[in-house]
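Please read them with the coordinates open.

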Amino acid sequence: MAIQFEFYKNPQPEKEGEEPSYHPRVVNFQHVTTQKLAREIHMATTFGKAEVEAMLMELSRCMGNHLCEGERVHLDGIGYFQITLQATEPVHSLTTRADKVKLKSINFQADRNLKSLCMSSHLRRSKYKPHSEEEIDKKLTAYFATHPVLTRSNMQSLCCFTQSMASRQIRRLKAQGNLQNIGKPTQPIYVPTPGHYEK
């Protein structure tokens, strides 16, 4: 077993005469569900599959309750989970009201044991190029055969992109003249331009 990866171009523009730079990213779009984890734990223990699944769901509920209280949750051998916050607008006074603060995300910091387990993995270049322009064009051609319009979230799901990656690819396709926005600037809806994606 090996972790498959591919190189992706960094989003920031290069200076004139500068070589483009790339970063490695894992290429694996398998989604491990609670049910799959429950089956694996069931096979390795004497607990029933339904019992394990119920325990995992209860673990999620308990963790959520503690995180909602602002507590840091530690799972031995796994790591730490902690809520992070952000201000909804620039803060210039310590008297700023609480309604100007919102949840940003839940951060995770892996335990040493989990890190060690992952650090011993082998790495291998992926044979599949899911984010190549050719693959994206193939997926969009198939998509537009059955769908009249495309949104950014559709692009995310279709190509297994992050939100920012989907936005970047749509901007590229618009600049190349492959897509056009028929919606509002704040609520874009894209369609192929004539001659693209078999339209």
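1. I start with a helix pair. The model is a predicted one. The axes of helix α5 (residues 152-159) and α6 come within 9 Å. They cross at roughly 105 degrees. Angles of 65 to 115 degrees count as roughly perpendicular, so α5 is roughly perpendicular to α6. On the α5 side, the contact is made by R152, M155 and Q156. On the α6 side, Q163, A166, S167, Q169, I170 and L173 take part.

2. Helix α6 also packs against α4. Helix α4 covers residues 133-144. Here the axes are 13 Å apart, and the angle is about 85 degrees. The two helices, α4 and α6, are therefore roughly perpendicular to each other. From α4, the residues are E133, I136, D137 and L140. They meet Q169, R172 and L173 in α6. Note that Q169 and L173 of α6 also belong to the contact with α5.

3. R172 sits in helix α6, which spans residues 163-175. Is R172 buried or exposed? Its relative accessible area is 19%. The cut-off for buried is under 20%, so R172 counts as buried. Which residues does R172 contact, leaving aside neighbours within four places in sequence? They are E133 and I136.

4. Now the aromatic residues. The structure holds 3 aromatic pairs. One of them is formed by Y143 and F144. Their ring centres are 5.4 Å apart, with 80 degrees between the planes. This pair is edge-to-face. Ring pairs link Y143, F144 and Y197 into a cluster. Y143 is buried, at a relative accessible area of 10%. F144 is buried too, at 1% relative accessibility.

5. Next, the sheet with strand order β3-β4-β5. This is an open sheet of 3 strands, and the pairing is antiparallel. Strands β3 (73-75) and β5 (101-110) are the edges, each pairing on one side only. From one strand to the next, the twist averages 25 degrees. Helix α2 (residues 49-68) lies across β3, β4 and β5. Its direction is at about 145 degrees to β3.

6. Look at the β3 and β4 hairpin. The two strands pair in the antiparallel sense over 3 bridges. V73 has F81 of β4 as its bridge partner. How many residues lie between the strands of this hairpin? There are 3 residues. In this hairpin G77 takes a positive phi near 80 degrees.

7. The β4 and β5 pairing comes next. Strand β4 (residues 79-87) is joined to β5 by 9 bridges, and the strands run antiparallel. A87 has V101 of β5 as its bridge partner. Y80 stands opposite Q109 in β5.

8. V101 lies in strand β5. Its relative accessibility is 40%, so V101 counts as partly exposed. Leaving aside neighbours within four places in sequence, V101 is in contact with L85, Q86 and A87. A87 is also the bridge partner of V101. V91 and V101 are 10 residues apart along the chain. Their C-alpha atoms are separated by 9.6 Å.

9. Last, the sheet with strand order β2-β1-β6. It is open, has 3 strands and shows mixed pairing. β2 (22-26) and β6 (122-125) stand at the edges. Each has a single partner strand, so one side of each is left without a neighbour in the sheet. The twist averages 40 degrees from one strand to the next. Strand β1 (residues 2-9) pairs with β2 in the antiparallel sense over 5 bridges. K9 stands opposite Y22 in β2.

Notes:
Residues are numbered from 1 along each chain as its sequence is written. This is a predicted model: local features need pLDDT of at least 70, side-chain atom pairs count only at pLDDT 80 or more; totals for chains, interfaces and linings use all residues. Side-chain values use heavy atoms; hydrogens and water are left out. Helices (H or I, at least four residues) and strands (E, at least two) are DSSP runs, numbered from the N terminus. Buried means under 20% relative accessible area, exposed over 50%, partly exposed in between (1.4 Å probe, protein chains only). Contact means heavy atoms within 4.5 Å. Two strands pair if DSSP finds at least two bridges between them. Axes are lines fitted to C-alpha atoms, for helices over the stretch in contact, and angles run from 0 to 180 degrees between N-to-C directions. Rings of Phe, Tyr and Trp (its six-membered ring) pair if their centres lie within 6.5 Å; planes under 30 degrees apart count as stacked, over 60 as edge-to-face and the rest as tilted. Angles under 35 degrees count as roughly parallel, over 145 as roughly antiparallel, 65 to 115 as roughly perpendicular and the rest as oblique.
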